[in-house]
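The sequence and structure come first.

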Amino acid sequence: MPNQIFTAGLHNMADQVYFFKSFFRNIFKKGFEWEELFRQTYLIGYKSIGIITLTGFILGIVLTLQSQPTMKEFGAESYIPRMVSVSVIREIGPVIIALICAGKVASGIGAELSSMNVTEQIEAMEVSGANPVQFLVVTRILACIVMIPLLTIFADAMALVGGFTATVLSGDITAKLYFTNALTILDYSDLLPALFKTILFGFAIGFVGCFKGFTSNNGTASVGLAANSAVVTASVWIIIIDAIVVQVTNSILYS
Amino acid sequence: MEAEKVIEVKNLVKSFGTREILSGISFNVHRGENVVILGKSGTGKSVTIKCIAGLLKQDEGSLKVFGEDVNELDEDALKALRCRLGFLFQSAALYDSMTVRENLAFPLKRVLKIKDKAEIESRCIEVLRSVGLEDAIDKMPADLSGGMRKRMGLARTLIVKPEIILYDEPTTGLDTITSKEISSLVLEMQEQYDATSVIITHDIPCAKITADRVMILHEGKCIAEGTYAELENSDNEFIRSFFK
């Protein structure tokens, strides 16, 4: 039994490596699907704006309200904007938004491609002489790589607005003072690793969603399984990537 | 003079795990011919045409389409070969996120590399008219009935004017009248587009309407071959049972 699990794991890993190779090779092939890429960026980005706005805004409010009593105790209330901006931009924003997108985007891609698999649409593309990897996989993964960082930046901005709203409601502070405090603390060592991380999160979300959908078994049950497995796997990847990127960037920036 | 062989299958063997689906079938299909493959479910009919289209790789035997060994072709050559093949799937396999027009334009833009919008539009209308669906051009696949979906699938297959069309159970799931309509349409389109057809079915009226030659698959082997009338009047009880 452990041998079978080990072999199945190796097979799965080999499939993922092959899928990645196929994705990478097809990025540079003739006939890039620009129209489909724009459609996917719209679907993945614009259609996620609502939930991202709400999450970012509430994140800012909650962080501010949670930290206020402790900061007050130490007479450090004026540090709240800095604390909110650094914690949201460096860590909480990218991870929370990526996890939400894993739930919304990776599951959507997994279910869509899996149902296309079940209804033979992917085979129909292949047999017609079109390139399903170029049309379905490359566009979706690239759209995630572009849109997840943009959504995270937007959510970070919303979190600062949320933090400002919470601060205004419980005290007297001008917008100028709040945002000056929040933004002057930031430097490139906060922004660049966070941006790099979100690009990797975007890749993980797109890749896992496409892999699970594209390689699902036939049968309607596999649609649900692909969606579910895409969310779980993408979420685990996000946590692992986060841990690795923090280690690597810390060793580069602070050694 | 005998017509050119467009499909040559020799001792084709295909297994999934330990289960052998095809146990060495051999047959040829000539240009302009309509070959119907009959057989019970699970006898390897769909596997055979998926091997011909290069969607599945056989374990043993040789398979040539237009004289080229399908398994020996590289990616580009296989793509070029597939441009000469059409495949009508059992479920019609319409792209459900696209309208009927976009479904038809998909192979035109990507396979025939047609960029001119007016030409794409005129070819879409022409093929839709030939299958009697010109009013459905802006509909989504979900808005089409079972028979309309089959017609639409046929239109998408025909739009690139393939030389060989592989039909995977074109009448499954349809009522008797619509089945007859689709079978007649298959024959009509074969004449209009001068295509060679391989039709997988277990619908006997469909086989009667469309077949020039019938093959019967049983347990992964071809057990009989001949015209519809020959097999219907066969001495073998088991073969005759397919036609009752």
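## Packing of H4(A) and H6(A)

H4(A) and H6(A) cross with right-handed geometry (right-handed if the near helix is turned clockwise from the far one by less than a right angle, left-handed if anticlockwise). By class, their contact has 19 nonpolar, five polar and two charged residues. Ala, Val, Leu, Ile, Met, Phe, Trp, Tyr, Cys and Pro count as nonpolar, Asp, Glu, Lys and Arg as charged, and the others, Gly among them, as polar. The packing angle of H4 (residues 80-118) of chain A with H6(A) is about 145°, and the axes are 8 Å apart. Axes are lines fitted to C-alpha atoms, for helices over the stretch in contact, and angles run from 0 to 180 degrees between N-to-C directions. Helices (H or I, at least four residues) and strands (E, at least two) are DSSP runs, numbered from the N terminus.

This is a predicted model: local features need pLDDT of at least 70, side-chain atom pairs count only at pLDDT 80 or more, and totals for chains, interfaces and linings use all residues. Residues are numbered from 1 along each chain as its sequence is written, while chains are lettered from A and ligands numbered from 1 in the order in which they are written.

## Two further helix pairs

H8 (residues 188-214) and H9 (residues 221-253) of chain A pack at about 155°, with axes 9 Å apart. They are therefore roughly antiparallel (angles over 145 degrees; under 35 is roughly parallel, 65 to 115 roughly perpendicular, the rest oblique). The crossing of H8(A) and H9(A) is right-handed. Their contact has 15 nonpolar, six polar and three charged residues.

H3 (residues 49-73) of chain A comes within 10 Å of H4(A), axis to axis, and the two cross at roughly 140°. That makes H3(A) oblique to H4(A). This crossing, too, is right-handed. The H3(A)-H4(A) contact has 13 nonpolar, six polar and one charged residues.

## The largest nonpolar core

The largest nonpolar core holds 132 residues. Such a core is a set of buried Ala, Val, Leu, Ile, Met, Phe, Trp, Tyr and Cys residues joined through C-beta atoms within 7 Å. Ala106(A), Ala204(A), Ile205(A), Val208(A), Ala234(A), Ala155(B) and Leu166(B) touch the most other members. H6 (residues 132-170) of chain A gives the most to this core, with 18 residues.

Leaving aside neighbours within four places in sequence, Val208(A) is in contact with Ala106(A), Ala230(A), Thr233(A), Ala234(A) and Trp237(A). Contact needs C-beta atoms, placed from the backbone, within 7 Å.

## Chain A against chain B

On chain A, 11 residues are in contact with 15 residues of chain B. The chain A side has three nonpolar, five polar and three charged residues.

## Single residues

Thr167(A) sits in H6 of chain A. Thr167(A) is buried, with 25 other C-beta atoms within 10 Å (buried means 20 or more, exposed 12 or fewer, partly exposed in between, with C-beta atoms placed from the backbone). Leu65(A) is 102 residues from Thr167(A) in sequence, yet 8.0 Å away in space, C-alpha to C-alpha.

In chain B, two non-glycine residues have a positive phi of about 50°: Phe66(B) and Ala93(B). Phe66(B) lies in the loop between strands E4 (60-65) and E5 (68-69) of chain B. Phe66(B) is partly exposed, with 16 other C-beta atoms within 10 Å. Ala93(B) lies in the loop between strand E6 (85-88) and helix H3 (100-110) of chain B. Ala93(B) counts as buried, with 26 C-beta neighbours inside 10 Å.

Notes. Contact = placed C-beta atoms within 7 Å.
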